[in-house]
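Subject: Structure for your review

Dear colleague,

I am passing on the structure that we spoke of, together with some notes. Please look through it before you read on.

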Amino acid sequence: MGSTRKTALVTGVLFLVTEVAAVAGLALYGPVLHDAGYVLGPGADARVFLGALSEFVLALAVIGTGVALYPVVKRRNEGAALGYVCGRLLEAAVILVGTVGVLSVVTLRRESAAAPDDGGASLLTAAHALVAVHDWTFLLGPNFVLGANTLVLAGLMYRSRLVPRPLAVLGLVGGALICASATAVLFGLYEQVSVAGSLAALPVFAWEVGLAVRLLAKRFDGAEGTGAEGTGAEVPGGPAQLPNTPEKWAASPETVGGHSLAPR
């Protein structure tokens with residue numbers, strides 16, 4: 001199996017993991033995010049811990065997609081490829097900040113159970129603040145930063161034709177739409193977890209799942225033109241590149257100061 005085929009398989013699996021882990025984390029966090037009195041009640045700590053574990057897996061998979069794709073896409077645009085890796089690192093870091101906020105609510109609940117004389121009002125205030133931290137990171141990471149990362153990757157895929165262009169166009173539309181939706185949420189036009197917010201996120205979800213399925217079913221289109229499989233590959237749309245051999249230099253010798261650069 002060639003290196004680009006392995007890259008495609010790994011990347012496809014990682015994109016699927018990000019989708020499953022993101023949905024699982026949000027569902028498992030439900031008691032903390034939607035129960036205002038969670039910090040004073042019996043709690044569902046095991047469920048929250050599973051949600052935190054899902055978020056941790058999500059962060060690792062997010063980073064993994066950037067790292068796995070870098071060797072392939074850097075041959076098309078190294079600057080954009082590096083920017084995508086950095087963007088995925090930022091996205092993962094923001095996600096983990098939100099995870100720490102949710103876990104801190106669990107710590108407050110346990111401490112309040114051990115010291116029941118503490119003021120309930122202050123605990124509720126602290127818990128609300130920590131949940132707000134999660135909500136803001138959820139807006140910034142899986143929305144603003146995700147949208148920007150999607151635009152970068154989909155743009156690379158569109159220009160390089162590593163995947164079919166209709167799929168890349170879906171990513172471009174999805175990235176722009178989720179950024180616009182995040183801006184609307186930021187200014188209070190609607191809630192992030194709402195019908196409008198979910199509809200705005202659907203194109204990005206479809207892009208990532210479609211990209212994953214495409215990479216699992218087939219390798220990158222024209223991947224042999226990236227040089228990942230060896231030397232002498234042909235770049236789509238460009239002239240054939242001969243291997244670096246004496247015959248190549250004999251066909252087109254280069255000289256500096258009258259001395260040939262041909263291999264000796």
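Predicted model: local features only at pLDDT ≥ 70, side-chain atom pairs only at ≥ 80, totals over all residues.

Residues are numbered from 1 along each chain as its sequence is written, and side-chain values use heavy atoms, with hydrogens and water left out.

The protein has eight helices and two strands, taken as DSSP runs (H or I over at least four residues for helices, E over at least two for strands) and numbered from the N terminus; along the sequence they follow the pattern α-α-α-α-α-α-α-α-β-β. Of the 264 residues, 39% are buried, a term that stands for under 20% relative accessible area, with exposed meaning over 50% and partly exposed in between (1.4 Å probe, protein chains only). Among contacts (heavy atoms within 4.5 Å) with a separation of 6 or more, 73% come from residues 24 or more positions apart. The protein exposes about 13200 Å², of which carbon and sulfur atoms supply 68%, the areas being computed by the Shrake-Rupley method with a 1.4 Å probe.

Turning to the helix pair, the axes of helix 3 (residues 45-73) and helix 5 (residues 120-160) come within 13 Å and cross at roughly 20 degrees, where axes are lines fitted to C-alpha atoms over the stretch in contact and angles run from 0 to 180 degrees between N-to-C directions. Helix 3 is therefore roughly parallel to helix 5, since angles under 35 degrees count as roughly parallel, over 145 as roughly antiparallel, 65 to 115 as roughly perpendicular and the rest as oblique. In this pair, E55, L69 and V73 of helix 3 meet H134, L153, L156 and M157 of helix 5.

The C-alpha atoms of G197 and S181 are 6.5 Å from each other, although the two residues are 16 residues apart along the chain.
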